[in-house]
Amino acid sequence: TSRSRAEFTCLLEDFGMDERRTKPVYLKEHQASLSHPKDCWQYRDRVALALADIVYPVSIRPGGRLDHMLEEKSFRGKVRNDFRIAWSETRLNTRYFLTGRIWNPLPPGDWLTHWTRARPGKWPGERSYDFFRDMLDQPETYVRSAEETLLRIVREGRIRGSSWKTPGGSPLVAFTALSLGDAQSLMRWRKRFVRYSFEPYGVAIRKEALIRLGASAVAYDLVKNEAGSSVRVFTHAPGKDNHWAAEREWRLRGDLLLNDVPTDSVCLITPDDLCAEKLEKCTEGRYPVHALFRNYT
């Protein structure tokens, strides 16, 4: 169908593949229409292994489903371990030690802060090809760290809206009205998502500048608005014990273009003076940079 063709074209572009050397293989309808995408993974993997002439495993969990599948007689002869590395459960987890530290306050005025964090994969709007290329080019570092994410925001001049778990899938940029010190209690490791809620990198923007662009505070109530309501994106259930309300969230529809905000209404946030100096060089002093701590290690 035309839809399948369009999806295949997007996939080729995302991974930088040559259309002349790539052919799509579609799963059978009764398998592809199962209730959850994970339900057809095993069938998908068997199709891939059956069609392959050579299989190059990279990192396979011992005793797992793929490990058992590769040991089957029909697939065993295809396996080459030239690039295989030992599987490890260890995951990236940069640790921050903030207890008892005093955060340097932002300059006087009402600020709203967009905190960022490391990405577990490609950035929003980025091709998978570019993400994997950077990983291969810079194996000594994690190329989508919170610091690199902040640098990307500055280079692009854009904070990209996210549609993850937003009402109706609307892309939004989230901010908090909490002070830097009060926000510290919300920065925690989310085991479920294998990442921090946010890290000590971000962009602070004066409230009046965001209001002019259409930003609004989130109303925490249990009232359910109609799906098409224009205010639905600015409401949120308070959660048990009002824990969501504690975030004092503000939202802006779509992307935020930094060029739409006066330069003196923007402040970039980094953990320490060393990171601040690096960011100032990259931005050529276009925006002021605020170090949360002095001599943080």
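Is Arg144 buried or exposed? In this predicted model, Arg144 is buried, with a relative accessible area of 2%.

**Salt bridges**

The structure holds 18 salt bridges. One of them pairs Arg144 with Asp134. Asp134 is also buried, at 15% relative accessibility. Arg144 sits in the loop between helix H6 (128–137) and helix H7 (146–156), and Asp134 in helix H6, so the bridge ties together parts 10 residues apart in sequence. Shared partners extend this into one network of Glu13, Glu126, Arg127, Asp130, Arg133, Asp134 and Arg144.

Glu72 bridges to Arg46. This pair links distant parts of the chain, 26 residues apart: Glu72 lies in the loop between helix H4 (65–70) and helix H5 (73–76), Arg46 in helix H3 (residues 41–51). Glu72 is partly exposed at 25%. Arg46 is partly exposed at 30%.

Arg44 forms a salt bridge with Asp45. Arg44 is partly exposed, at 38%, whereas Asp45 is buried, at 12%.

| Salt bridge | Closest N and O atoms |
|---|---|
| Arg44 with Asp45 | 3.0 Å |
| Glu72 with Arg46 | 2.6 Å |
| Arg144 with Asp134 | 2.9 Å |

**Positive phi angles**

Arg248 has a phi near 50°, a positive value in a residue other than glycine. Its place is the loop between strand E9 (235–236) and strand E10 (249–253). Arg248 is partly exposed, at 46% relative accessibility.

Glu284 has a phi near 55°, again positive in a residue other than glycine. Glu284 lies in the loop between helix H10 (273–283) and strand E13 (289–291). With a relative accessible area of 73%, Glu284 is exposed.

Technical notes:
Residues numbered from 1 in each chain as written. Predicted model: local features only at pLDDT ≥ 70, side-chain atom pairs only at ≥ 80, totals over all residues. Heavy atoms only, no water. Helix = DSSP H or I, 4+ residues; strand = E, 2+ residues; numbered from the N terminus. Buried < 20%, exposed > 50% of the residue type's maximum accessible area, 1.4 Å probe, protein only. Salt bridge = Lys/Arg side-chain N within 4 Å of Asp/Glu carboxyl O.
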